[in-house]
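Visitor: I would like a close look at a single part of this model. Please take one chain and go through how its pieces are arranged.

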Amino acid sequence: MEQILLGALSLGLLWSVMTIGVYITFRILSIADMTVEGTITLGAAVTARVISLGASPWLGLLLAIVAGLLAGLITGLLHTKLGIPALLSGILTMIALFSINLRVMTKANISLLRMPTVYSPLMALGLDKTWAVIVLGGLCAALVISLLYWFFGTEIGSAIRATGANPNMVRAQGIHTDTTIILGLMISNALVGISGSLIAQSQNYADLQMGTGAIVIGLASMIIGEVLFGKRNFFLRFLSMVLGSITYRIIIALVLKMGMPSDDLKLFTAITVVFALSLPKIKDLINGRLRPRKGGV
Amino acid sequence: MNTLRKSIALILALTLSLTVFSVFAERDKPLIGIIQIVDHVALDAARQGFVDALAENGYKDGESVTLDYRNAQGSPDVLSSIADHFVAEKADLVLAIATPSAQTMAGKTDSIPILGTAITDYVSARLAQSDDKPGYNVTGTTDMNPIKEQIELIRRFLPEAKTIGLLYTASEDNSVLQAQIARDVIEGMGMAYTEVTVHNSNDVQQATQSIMDKCDAIYIPTDNVFASAMPVVYEVAIQNQKPVFCGEAGMTMGGGLATLGVNYYNLGHQTGLMALKVLAGEAVADMPIERQTDFDYTVNKTFCDALGIAIPEDLVPYAKEMGEN
């Protein structure tokens with residue numbers, strides 16, 4: 001029993017870093033960035049290749065971050081400098097990454113079973129794999145949130161936040177919105193790269209197909225986080241992404257545990273997200289305040 | 001902060017309900033978990049063979065054994081949750097169908113015996129130290145294709161064939177490995193090859209079209225993308241009057257001309273017989289990885305007729321119309 005919950009917790013923490021990345025593009029920049037599906041595999045691919053070549057898994061993690069930054073940079077340049085719509089820019093980079101990932105890995109699947117990973121030092125201290133993932137994933141999420149909280153308080157960070165809200169105002173302040181968009185996409189994809197790296201090392205392999213559906217997982221986690229845990233101050237918003245990601249995994253574990261055929265899992269995921277999205281409406285109904293809401297996803 | 005507190009309470013409630021469920025998990029018969037990455041004809045057949053082999057030997061699901069079948073619907077991240085589930089349930093044995101399933105499961109446990117099937121190369125997937133002596137908690141059956149015999153089969157139908165076109169998915173490890181072997185075999189037999197690869201099922205039609213006028217016959221190894229896209233290949237091949245040979249029977253009846261090869265039902269059945277030994281207490285680490293020995297011939301009569309190709313006499317009994325079982 002514990003194993004299932006701890007498993008869900010560890011998986012949720014690993015995917016939470018990506019969820020924060022999705023949040024940065026989707027909510028802060030107001031861009032639906034499809035690069036994510038390619039970047040998560042890229043992070044995994046780079047790390048797996050580095051480890052399989054016998055180098056340190058930490059170097060693998062570091063290079064995954066660099067690779068993520070570059071992927072974000074490409075999407076950003078396509079969007080801002082070439083004027084390609086954001087959605088299409090992301091899709092183009094995602095498709096390109098498919099070939100690049102294959103080049104990086106040289107084959108479709110690299111096994112990391114019984115190889116050193118970033119979790120190995122913790123496991124050497126006597127922790128089992130799941131706990132090692134929880135500790136490291138938790139530390140990583142905490143570090144990411146703290147750094148981002150600090151960064152988005154700085155002048156350039158605030159400019160990125162303002163870009164999504166009101167680009168004209170930002171330009172009026174004499175800030176180049178191209179730069180802030182590119183920077184936001186780079187940070188987001190670096191986070192996704194970190195997630196990919198940590199996930200591959202936790203599941204013991206990198207697979208060319210592993211990014212499939214990542215964007216849906218990211219959005220579902222984000223929305224669950226926002227609806228259940230609110231969106232008060234900036235720090236809590238990041239925290240709610242982590243909690244949303246963990247909740248998503250607990251829901252899946254619960255569904256599996258209750259014996260629902262896993263064939264129906266995707267349908268269930270969709271229903272969960274619809275439910276989470278419609279919660280504000282339902283609340284309004286209950287409060288008798290039936291008025292149309294602005295925005296939505 | 002009120003919502004946050006409520007939400008935490010909600011998570012705690014979920015947790016508690018999970019715990020309550022687990023109290024009833026006491027059991028008196030062995031539990032066999034089945035973890036499968038995705039639905040597709042070959043993998044489903046292997047699973048059915050496994051289940052039937054157990055049933056024929058006194059392990060009927062629900063009576064003397066509990067089979068817990070979980071499918072990740074193609075999401076690797078769900079595999080991880082399924083593996084956690086089996087570890088938590090302390091399964092007595094896990095059948096892992098296809099490589100990612102086995103890798104995920106092996107990453108979660110060193111002690112629960114794992115039998116793999118529909119896995120081509122255990123050693124390169126780091127699941128085993130060697131085929132003869134796996135050494136860890138994983139053994140099973142390999143679906144490594146008799147590629148040499150299959151290419152020879154092309155020659156039996158088309159003695160004049162000079163160039164073989166290879167079609168496969170570049171992102172599938174098993175396919176790439178088989179294509180490598182096929183290239184060597186083809187050259188060894190004094191023929192030439194040409195190849196086109198795809199990334200997903202959307203590329204299949206164009207890829208198939210583009211290879212048509214560059215070869216005398218097409219060879220497709222066992223490949224997940226092509227396994228589900230054979231009707232597309234069939235249509236293009238009939239239009240261009242080019243024979244297609246596949247690595248597997250299901251693909252052949254879905255739109256190929258002929259093959260000999262791994263029968264996934266039988267492979268799963270063979271794995272089921274291995275499971276009996278494991279349940280009897282044999283150590284997985286010492287059980288060699290098994291390969292299929294008696295291959296099945298499959299001849300698609302509809303395809304042969306459409307192209308006016310004569311079926312060699314000894315293979316006539318294997319000829320079937322498409323859509324026939």
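Guide: In this predicted model, the centres of domain 1 and domain 2 of chain B, taken over C-alpha atoms, are separated by 33 Å. Each domain is assigned from two stretches of the chain: domain 1 covers 2–143 + 265–291, and domain 2 covers 147–261 + 295–320. Where the two domains touch, domain 1 of chain B gives 6 residues and domain 2 of chain B gives 8 residues. On the domain 1 side, these residues divide by class into 2 nonpolar, 2 polar and 2 charged.

The chain as a whole comes next. Chain B contains 11 helices and 13 strands, and its C-alpha trace spans about 70 × 50 × 35 Å along the principal axes. Of its 325 residues, 50% are buried. Consider also the contacts in chain B between residues at least 6 apart in sequence: 70% of them join residues at least 24 apart.

One strand shows how separate stretches of the chain are brought side by side. Strand 5 of chain B, residues 138–142, has 4 of its 5 residues buried. Strand 4 of chain B, residues 114–119, pairs with strand 5 in the parallel sense over 4 bridges, and in this pairing Ile114(B) stands opposite Val138(B). Strand 5 of chain B also pairs with strand 11 of chain B, residues 290–291, again in the parallel sense, over 2 bridges. There, Thr142(B) stands opposite Arg291(B).

Just after helix 3, Lys90(B) takes a positive phi of about 50°.

Chain B also meets chain A. That contact takes 41 residues from chain B and 40 residues from chain A. On the chain B side, at least two residues each are supplied by helix 1 (2–23), strand 2 (66–71), helix 3 (76–88), helix 4 (99–108) and helix 6 (173–188). The chain B residues that touch chain A divide into 17 nonpolar, 18 polar and 6 charged.

Definitions and conventions. Residues numbered from 1 in each chain as written. Chains lettered and ligands numbered in written order. Predicted model: local features only at pLDDT ≥ 70, side-chain atom pairs only at ≥ 80, totals over all residues. Contact = placed C-beta atoms within 7 Å. Nonpolar A, V, L, I, M, F, W, Y, C, P; charged D, E, K, R; others polar. Domains from an automatic or database assignment. Buried ≥ 20, exposed ≤ 12 C-beta atoms within 10 Å, placed from the backbone. Pairing = 2+ DSSP bridges.
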